Amino acid sequence: MNVGITCYPTVGGSGFVATELGIDLARRGHTVHFISYALPTRLTHLHERLRFHEVATTAYPLFGDYRPYTLALASKMVEVAQHEKLDVLHVHYAIPHAISAFIAKQILNGIGPKVITTLHGTDITIVGRDPSYLPITKYGIDVSDGVTAVSKSLRDDTIANFGTTKPIEVIPNFIDPTRFHRREGEGPFFSCGRKIVCHASNFRKVKRIEDVLEIFLRVQKRVASRLVMLGDGPERPMAEAFVREHGLEDSVYFIGHVANVEEAFGSVDLFLLPSETESFGVAALEALASEVPVIASRAGGLPEVVIDGEMGYLRPVGDVDGMAERAIELLSNDALRERMGKAGRAWAIEQFDTAKIIPQYTDYYEKVLLG
Ligand code: GMT
(Lines give C-alpha, C1' and ligand atoms only; values in the text may rest on other atoms or scores of the structure.)
Protein backbone atom coordinates (compact mmCIF):
# COMPACT_ATOMS: atom_id res chain seq x y z
CA MET A 1 0.00 0.00 0.00
CA ASN A 2 0.98 3.64 -0.39
CA VAL A 3 0.25 5.27 2.94
CA GLY A 4 0.33 8.96 3.79
CA ILE A 5 0.83 9.77 7.48
CA THR A 6 0.24 13.18 8.98
CA CYS A 7 1.17 13.85 12.59
CA TYR A 8 2.62 16.53 14.80
CA PRO A 9 6.39 16.34 14.42
CA THR A 10 7.07 17.68 17.90
CA VAL A 11 7.74 15.72 21.07
CA GLY A 12 4.49 14.02 22.06
CA GLY A 13 2.91 10.60 22.16
CA SER A 14 0.81 10.94 19.00
CA GLY A 15 3.83 11.92 16.90
CA PHE A 16 5.91 9.07 18.35
CA VAL A 17 3.20 6.49 17.71
CA ALA A 18 2.60 7.75 14.15
CA THR A 19 6.33 7.71 13.39
CA GLU A 20 6.89 4.24 14.75
CA LEU A 21 3.84 2.98 12.88
CA GLY A 22 5.23 4.45 9.64
CA ILE A 23 8.67 2.92 10.16
CA ASP A 24 7.16 -0.49 10.84
CA LEU A 25 4.86 -0.26 7.81
CA ALA A 26 7.88 0.53 5.62
CA ARG A 27 9.70 -2.51 7.01
CA ARG A 28 6.66 -4.58 6.04
CA GLY A 29 6.92 -3.43 2.42
CA HIS A 30 4.48 -0.50 2.33
CA THR A 31 5.63 2.90 1.10
CA VAL A 32 5.03 5.59 3.69
CA HIS A 33 4.88 9.32 3.05
CA PHE A 34 5.05 11.54 6.13
CA ILE A 35 3.39 14.92 5.54
CA SER A 36 4.00 17.55 8.22
CA TYR A 37 5.55 20.95 8.87
CA ALA A 38 8.82 19.45 10.12
CA LEU A 39 10.57 16.10 10.21
CA PRO A 40 8.98 14.05 13.05
CA THR A 41 11.35 13.89 16.02
CA ARG A 42 11.69 10.12 16.00
CA LEU A 43 12.01 9.80 12.22
CA THR A 44 15.73 9.17 12.38
CA HIS A 45 15.50 5.87 10.55
CA LEU A 46 16.51 5.73 6.88
CA HIS A 47 14.57 3.34 4.70
CA GLU A 48 14.01 3.29 0.95
CA ARG A 49 10.24 3.13 1.53
CA LEU A 50 10.08 6.13 3.90
CA ARG A 51 9.60 9.63 2.51
CA PHE A 52 9.05 13.01 4.12
CA HIS A 53 7.08 15.89 2.54
CA GLU A 54 7.42 19.23 4.29
CA VAL A 55 4.41 21.54 4.45
CA ALA A 56 5.54 25.12 3.93
CA THR A 57 3.28 27.99 4.92
CA THR A 58 4.08 31.08 2.93
CA ALA A 59 4.00 34.33 4.89
CA TYR A 60 1.89 37.20 3.63
CA PRO A 61 1.30 40.52 5.44
CA LEU A 62 -2.47 39.97 5.51
CA PHE A 63 -2.00 36.73 7.46
CA GLY A 64 -0.26 38.52 10.32
CA ASP A 65 0.72 35.82 12.82
CA TYR A 66 -1.91 33.42 11.49
CA ARG A 67 -0.56 31.51 8.51
CA PRO A 68 -3.27 29.04 7.39
CA TYR A 69 -1.43 25.79 8.11
CA THR A 70 -4.59 23.68 7.82
CA LEU A 71 -4.99 24.82 4.20
CA ALA A 72 -1.31 24.48 3.29
CA LEU A 73 -1.42 20.95 4.73
CA ALA A 74 -4.53 20.14 2.66
CA SER A 75 -2.76 21.40 -0.49
CA LYS A 76 0.29 19.25 0.25
CA MET A 77 -1.95 16.24 0.90
CA VAL A 78 -3.56 16.73 -2.53
CA GLU A 79 -0.14 16.94 -4.20
CA VAL A 80 1.25 13.85 -2.43
CA ALA A 81 -1.95 11.84 -2.91
CA GLN A 82 -1.93 12.54 -6.65
CA HIS A 83 1.75 12.00 -7.36
CA GLU A 84 2.34 9.11 -5.00
CA LYS A 85 -1.03 7.44 -5.58
CA LEU A 86 -1.84 7.14 -1.92
CA ASP A 87 -4.28 4.40 -0.98
CA VAL A 88 -4.71 5.60 2.58
CA LEU A 89 -4.14 8.94 4.27
CA HIS A 90 -3.77 8.21 7.98
CA VAL A 91 -3.91 11.30 10.17
CA HIS A 92 -2.92 11.29 13.83
CA TYR A 93 -4.55 13.76 16.23
CA ALA A 94 -7.89 15.02 14.96
CA ILE A 95 -7.18 18.75 15.05
CA PRO A 96 -6.66 20.06 12.38
CA HIS A 97 -5.39 17.00 10.51
CA ALA A 98 -8.78 15.33 9.95
CA ILE A 99 -10.15 18.55 8.48
CA SER A 100 -7.16 19.08 6.16
CA ALA A 101 -7.56 15.49 4.97
CA PHE A 102 -11.29 16.04 4.38
CA ILE A 103 -10.59 19.18 2.31
CA ALA A 104 -7.94 17.28 0.32
CA LYS A 105 -10.41 14.50 -0.33
CA GLN A 106 -13.04 16.94 -1.56
CA ILE A 107 -10.51 18.51 -3.93
CA LEU A 108 -9.52 15.06 -5.21
CA ASN A 109 -13.20 14.48 -5.90
CA GLY A 110 -13.51 10.81 -5.11
CA ILE A 111 -10.28 9.59 -6.69
CA GLY A 112 -8.12 10.19 -3.63
CA PRO A 113 -7.11 7.98 -0.71
CA LYS A 114 -9.37 6.82 2.11
CA VAL A 115 -8.96 9.01 5.17
CA ILE A 116 -8.37 7.35 8.52
CA THR A 117 -8.18 9.45 11.68
CA THR A 118 -6.55 8.16 14.84
CA LEU A 119 -7.67 9.88 18.02
CA HIS A 120 -4.89 10.14 20.58
CA GLY A 121 -6.13 11.90 23.67
CA THR A 122 -6.07 15.61 24.25
CA ASP A 123 -7.57 16.13 20.77
CA ILE A 124 -10.71 14.69 22.41
CA THR A 125 -10.40 15.17 26.15
CA ILE A 126 -9.02 18.73 26.27
CA VAL A 127 -8.56 20.63 23.00
CA GLY A 128 -11.45 19.05 21.10
CA ARG A 129 -13.86 19.80 23.95
CA ASP A 130 -13.03 23.47 23.91
CA PRO A 131 -15.98 25.33 22.32
CA SER A 132 -13.61 26.91 19.79
CA TYR A 133 -12.80 23.48 18.33
CA LEU A 134 -15.69 21.22 19.32
CA PRO A 135 -17.88 21.45 16.16
CA ILE A 136 -14.93 21.10 13.80
CA THR A 137 -13.49 18.13 15.74
CA LYS A 138 -16.83 16.31 15.67
CA TYR A 139 -17.15 17.04 11.96
CA GLY A 140 -13.60 15.77 11.28
CA ILE A 141 -14.48 12.51 13.02
CA ASP A 142 -17.82 12.12 11.25
CA VAL A 143 -16.44 12.67 7.74
CA SER A 144 -13.40 10.39 8.10
CA ASP A 145 -13.67 7.07 6.24
CA GLY A 146 -12.38 5.30 9.34
CA VAL A 147 -11.65 6.31 12.92
CA THR A 148 -9.48 4.59 15.50
CA ALA A 149 -8.83 5.38 19.16
CA VAL A 150 -5.84 4.27 21.21
CA SER A 151 -7.93 2.94 24.12
CA LYS A 152 -11.45 1.91 25.03
CA SER A 153 -11.55 4.80 27.44
CA LEU A 154 -10.80 7.28 24.65
CA ARG A 155 -13.42 5.70 22.40
CA ASP A 156 -16.00 6.08 25.18
CA ASP A 157 -14.91 9.68 25.88
CA THR A 158 -15.27 10.49 22.18
CA ILE A 159 -18.81 9.15 22.07
CA ALA A 160 -19.70 10.95 25.32
CA ASN A 161 -18.10 14.28 24.37
CA PHE A 162 -19.23 14.52 20.77
CA GLY A 163 -22.32 12.33 20.62
CA THR A 164 -20.93 10.82 17.44
CA THR A 165 -22.38 7.61 16.09
CA LYS A 166 -19.30 6.95 13.97
CA PRO A 167 -17.93 3.44 14.61
CA ILE A 168 -14.58 3.78 16.37
CA GLU A 169 -12.09 0.93 16.20
CA VAL A 170 -9.87 0.57 19.27
CA ILE A 171 -6.26 -0.15 18.27
CA PRO A 172 -3.98 0.30 21.26
CA ASN A 173 -0.51 1.81 21.19
CA PHE A 174 2.36 -0.60 20.85
CA ILE A 175 5.91 -1.36 21.94
CA ASP A 176 8.97 -2.93 20.37
CA PRO A 177 10.25 -5.24 23.15
CA THR A 178 13.62 -5.58 21.46
CA ARG A 179 14.14 -1.84 21.92
CA PHE A 180 12.70 -1.48 25.41
CA HIS A 181 14.18 -3.95 27.89
CA ARG A 182 16.10 -4.05 31.16
CA ARG A 183 19.65 -2.70 30.90
CA GLU A 184 20.99 -3.72 34.29
CA GLY A 185 24.21 -1.93 35.13
CA GLU A 186 24.65 -0.36 31.69
CA GLY A 187 22.24 2.59 31.84
CA PRO A 188 23.21 6.22 32.19
CA PHE A 189 21.74 6.76 35.66
CA PHE A 190 23.34 4.03 37.74
CA SER A 191 25.41 5.74 40.36
CA CYS A 192 25.93 6.20 44.07
CA GLY A 193 23.76 3.22 45.03
CA ARG A 194 20.54 5.24 45.11
CA LYS A 195 17.24 4.02 43.71
CA ILE A 196 16.21 5.86 40.56
CA VAL A 197 12.67 7.19 40.18
CA CYS A 198 11.77 8.48 36.72
CA HIS A 199 9.15 10.63 35.01
CA ALA A 200 9.00 11.41 31.29
CA SER A 201 6.58 13.74 29.54
CA ASN A 202 6.09 17.03 27.75
CA PHE A 203 5.68 18.77 31.12
CA ARG A 204 2.19 20.07 30.40
CA LYS A 205 -0.33 20.86 33.14
CA VAL A 206 -2.21 17.62 32.41
CA LYS A 207 0.87 15.64 33.55
CA ARG A 208 0.64 17.05 37.10
CA ILE A 209 4.39 17.58 37.37
CA GLU A 210 3.93 19.04 40.86
CA ASP A 211 2.52 15.67 41.98
CA VAL A 212 5.63 13.92 40.66
CA LEU A 213 7.73 16.23 42.84
CA GLU A 214 5.44 15.94 45.87
CA ILE A 215 5.65 12.14 45.64
CA PHE A 216 9.43 12.23 45.36
CA LEU A 217 9.68 14.72 48.24
CA ARG A 218 8.06 12.09 50.47
CA VAL A 219 10.00 9.17 48.96
CA GLN A 220 13.49 10.63 49.36
CA LYS A 221 12.91 11.11 53.10
CA ARG A 222 12.55 7.33 53.46
CA VAL A 223 14.60 5.80 50.62
CA ALA A 224 18.00 6.89 49.29
CA SER A 225 16.85 7.89 45.83
CA ARG A 226 17.11 10.17 42.88
CA LEU A 227 14.47 11.56 40.52
CA VAL A 228 15.27 11.69 36.83
CA MET A 229 12.96 14.02 34.88
CA LEU A 230 13.01 13.35 31.14
CA GLY A 231 11.42 15.81 28.73
CA ASP A 232 10.61 19.47 28.79
CA GLY A 233 7.68 21.84 28.52
CA PRO A 234 5.73 24.66 30.13
CA GLU A 235 5.78 23.28 33.68
CA ARG A 236 9.57 22.94 33.85
CA PRO A 237 10.28 26.38 35.37
CA MET A 238 7.73 25.65 38.13
CA ALA A 239 9.37 22.26 38.72
CA GLU A 240 12.86 23.71 38.92
CA ALA A 241 11.65 26.35 41.38
CA PHE A 242 10.04 23.59 43.50
CA VAL A 243 13.33 21.69 43.58
CA ARG A 244 15.28 24.77 44.67
CA GLU A 245 12.67 25.70 47.28
CA HIS A 246 12.87 22.21 48.84
CA GLY A 247 16.66 21.91 48.60
CA LEU A 248 16.44 18.90 46.27
CA GLU A 249 19.07 20.08 43.77
CA ASP A 250 21.32 17.07 44.44
CA SER A 251 18.50 14.57 44.04
CA VAL A 252 16.43 15.75 41.09
CA TYR A 253 17.95 15.77 37.61
CA PHE A 254 16.26 17.59 34.74
CA ILE A 255 17.68 15.85 31.70
CA GLY A 256 15.52 17.53 29.02
CA HIS A 257 14.48 15.76 25.84
CA VAL A 258 16.38 12.60 25.02
CA ALA A 259 16.35 10.76 21.72
CA ASN A 260 17.09 7.33 23.14
CA VAL A 261 14.54 7.03 25.96
CA GLU A 262 14.95 3.26 25.90
CA GLU A 263 18.41 3.58 27.47
CA ALA A 264 16.98 5.67 30.28
CA PHE A 265 13.96 3.46 30.95
CA GLY A 266 16.09 0.33 30.99
CA SER A 267 18.09 1.57 33.92
CA VAL A 268 15.58 3.06 36.37
CA ASP A 269 13.71 1.46 39.29
CA LEU A 270 10.29 3.11 39.23
CA PHE A 271 8.23 5.20 36.82
CA LEU A 272 5.69 7.85 37.91
CA LEU A 273 2.79 9.05 35.77
CA PRO A 274 0.27 10.84 38.03
CA SER A 275 -1.53 12.60 35.12
CA GLU A 276 -4.88 14.35 35.40
CA THR A 277 -5.97 12.30 32.40
CA GLU A 278 -4.16 10.04 29.99
CA SER A 279 -5.86 8.34 27.08
CA PHE A 280 -3.21 5.63 27.03
CA GLY A 281 0.21 6.63 28.42
CA VAL A 282 2.86 5.39 25.99
CA ALA A 283 5.60 6.28 28.48
CA ALA A 284 4.03 3.93 31.04
CA LEU A 285 4.05 1.13 28.47
CA GLU A 286 7.70 1.84 27.62
CA ALA A 287 8.54 1.60 31.32
CA LEU A 288 6.64 -1.69 31.73
CA ALA A 289 8.44 -3.21 28.74
CA SER A 290 11.71 -2.19 30.42
CA GLU A 291 10.71 -4.15 33.57
CA VAL A 292 10.06 -0.95 35.49
CA PRO A 293 6.96 -0.91 37.76
CA VAL A 294 4.66 2.07 37.23
CA ILE A 295 2.74 4.17 39.73
CA ALA A 296 0.07 6.14 37.93
CA SER A 297 -3.29 7.79 38.40
CA ARG A 298 -6.44 5.77 37.89
CA ALA A 299 -7.53 7.94 34.97
CA GLY A 300 -8.53 7.58 31.34
CA GLY A 301 -6.91 4.61 29.62
CA LEU A 302 -4.18 4.02 32.21
CA PRO A 303 -6.07 1.07 33.79
CA GLU A 304 -5.96 -0.60 30.35
CA VAL A 305 -2.16 -0.31 30.35
CA VAL A 306 -1.15 -0.82 33.99
CA ILE A 307 -2.83 -3.58 36.00
CA ASP A 308 -3.13 -2.32 39.57
CA GLY A 309 -1.23 -4.50 42.05
CA GLU A 310 0.38 -6.66 39.37
CA MET A 311 2.93 -4.41 37.68
CA GLY A 312 2.57 -1.25 39.70
CA TYR A 313 -0.18 0.69 41.40
CA LEU A 314 -2.98 3.00 40.39
CA ARG A 315 -4.27 5.65 42.77
CA PRO A 316 -6.88 8.41 42.38
CA VAL A 317 -5.72 11.57 40.64
CA GLY A 318 -3.95 13.82 43.15
CA ASP A 319 -3.42 11.14 45.81
CA VAL A 320 0.26 11.97 46.30
CA ASP A 321 0.33 10.40 49.78
CA GLY A 322 -1.03 7.10 48.46
CA MET A 323 1.35 7.11 45.51
CA ALA A 324 4.32 7.95 47.74
CA GLU A 325 3.42 5.15 50.15
CA ARG A 326 3.37 2.62 47.29
CA ALA A 327 6.59 4.06 45.84
CA ILE A 328 8.37 3.64 49.18
CA GLU A 329 7.08 0.08 49.44
CA LEU A 330 8.33 -0.79 45.95
CA LEU A 331 11.69 0.90 46.29
CA SER A 332 12.32 -0.83 49.64
CA ASN A 333 11.52 -4.32 48.39
CA ASP A 334 13.80 -5.58 45.60
CA ALA A 335 11.97 -8.89 45.24
CA LEU A 336 8.57 -7.21 44.84
CA ARG A 337 9.97 -4.69 42.37
CA GLU A 338 11.59 -7.42 40.34
CA ARG A 339 8.44 -9.54 40.32
CA MET A 340 6.27 -6.61 39.23
CA GLY A 341 8.89 -5.57 36.67
CA LYS A 342 8.82 -9.00 35.06
CA ALA A 343 5.02 -9.14 35.15
CA GLY A 344 4.89 -5.73 33.45
CA ARG A 345 7.19 -6.78 30.63
CA ALA A 346 5.29 -10.03 30.07
CA TRP A 347 1.99 -8.09 29.92
CA ALA A 348 3.46 -5.47 27.58
CA ILE A 349 4.62 -8.17 25.18
CA GLU A 350 1.42 -10.19 25.44
CA GLN A 351 -0.89 -7.23 24.81
CA PHE A 352 1.02 -4.49 23.02
CA ASP A 353 3.87 -6.00 21.00
CA THR A 354 4.35 -4.12 17.71
CA ALA A 355 4.23 -7.47 15.94
CA LYS A 356 0.62 -7.91 17.13
CA ILE A 357 -0.67 -4.36 16.83
CA ILE A 358 0.65 -3.21 13.42
CA PRO A 359 -1.31 -5.94 11.59
CA GLN A 360 -4.43 -4.57 13.28
CA TYR A 361 -3.76 -1.27 11.48
CA THR A 362 -3.11 -2.90 8.09
CA ASP A 363 -6.22 -5.08 8.47
CA TYR A 364 -8.19 -1.96 9.31
CA TYR A 365 -6.77 -0.12 6.26
CA GLU A 366 -7.94 -3.01 4.10
CA LYS A 367 -11.37 -3.05 5.70
CA VAL A 368 -11.79 0.69 5.07
CA LEU A 369 -10.49 0.35 1.49
CA LEU A 370 -13.08 -2.31 0.80
CA GLY A 371 -15.69 0.18 2.01
O1 GMT B 1 -0.99 15.36 25.51
C2 GMT B 1 0.02 14.70 25.42
O3 GMT B 1 0.64 14.25 26.35
C4 GMT B 1 0.53 14.40 24.07
C5 GMT B 1 -0.47 13.59 23.37
C6 GMT B 1 -0.19 13.59 21.93
O7 GMT B 1 -1.15 13.40 21.25
O8 GMT B 1 0.91 13.83 21.46
O9 GMT B 1 -0.53 12.31 23.99
C10 GMT B 1 -1.71 11.58 23.87
O11 GMT B 1 -1.45 10.57 22.91
C12 GMT B 1 -0.55 9.54 23.34
C13 GMT B 1 -0.33 8.59 22.16
O14 GMT B 1 -1.48 7.95 21.78
C15 GMT B 1 -1.10 8.84 24.57
O16 GMT B 1 -0.22 7.83 24.98
C17 GMT B 1 -1.27 9.88 25.68
O18 GMT B 1 -1.87 9.24 26.78
C19 GMT B 1 -2.15 11.02 25.21
N20 GMT B 1 -2.12 12.08 26.23
C21 GMT B 1 -3.16 12.36 27.00
O22 GMT B 1 -4.24 11.78 26.91
C23 GMT B 1 -2.95 13.41 28.01
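Modeller: A polar side-chain atom of N173 lies 2.9 Å from an oxygen atom of the ligand. This is a predicted model, in which local features need pLDDT of at least 70, side-chain atom pairs count only at pLDDT 80 or more, and totals for chains, interfaces and linings use all residues. Residues are numbered from 1 along each chain as its sequence is written, and side-chain values use heavy atoms, with hydrogens and water left out.

Biologist: What makes a pair of side chains, such as those of D321 and R218, a polar contact?

Modeller: A polar contact is a pair of N or O atoms within 3.5 Å; within protein, one must be able to donate a hydrogen and the other to accept it, and residues adjacent in sequence count only if both atoms are side-chain atoms. The side chains of D321 and R218 are joined at 2.7 Å, so they make a polar contact.

Biologist: Why is D321 called partly exposed?

Modeller: Buried means under 20% relative accessible area and exposed means over 50%, with partly exposed in between (1.4 Å probe, protein chains only). D321 has a relative accessible area of 49%, so it is partly exposed.

Biologist: Why is Y93 called buried?

Modeller: The relative accessible area of Y93 is 13%, so Y93 is buried. Y93 also has a positive phi, near 80 degrees, in a residue other than glycine.

Biologist: Why does N109 count as exposed?

Modeller: N109 has 64% relative accessibility, so it counts as exposed. Its phi is positive too, about 55 degrees, although N109 is not a glycine.

Biologist: What makes helix α10 mostly covered?

Modeller: In α10 (residues 282-289), 8 of its 8 residues are buried. Among them are V282, L285 and L288. Helices (H or I, at least four residues) and strands (E, at least two) are DSSP runs, numbered from the N terminus.

Biologist: Which residues come nearest to the ligand?

Modeller: Of the 18 residues around the ligand, S14, H120, N173, E278 and S279 come nearest. A residue is near a molecule if one of its heavy atoms lies within 4 Å of it.

Biologist: Which backbone atoms lie by an oxygen atom of the ligand?

Modeller: A backbone N or O atom of S279 lies 2.8 Å from such an oxygen atom, and one of G281 lies 3.0 Å from an oxygen atom of the ligand.

Biologist: Why does the ligand lie between domain 1 and domain 2?

Modeller: Domain 1 (2-174 + 353-370) and domain 2 (190-352) both give residues to the shell around the ligand, so the ligand lies between them. The domain bounds come from an automatic or database domain assignment.
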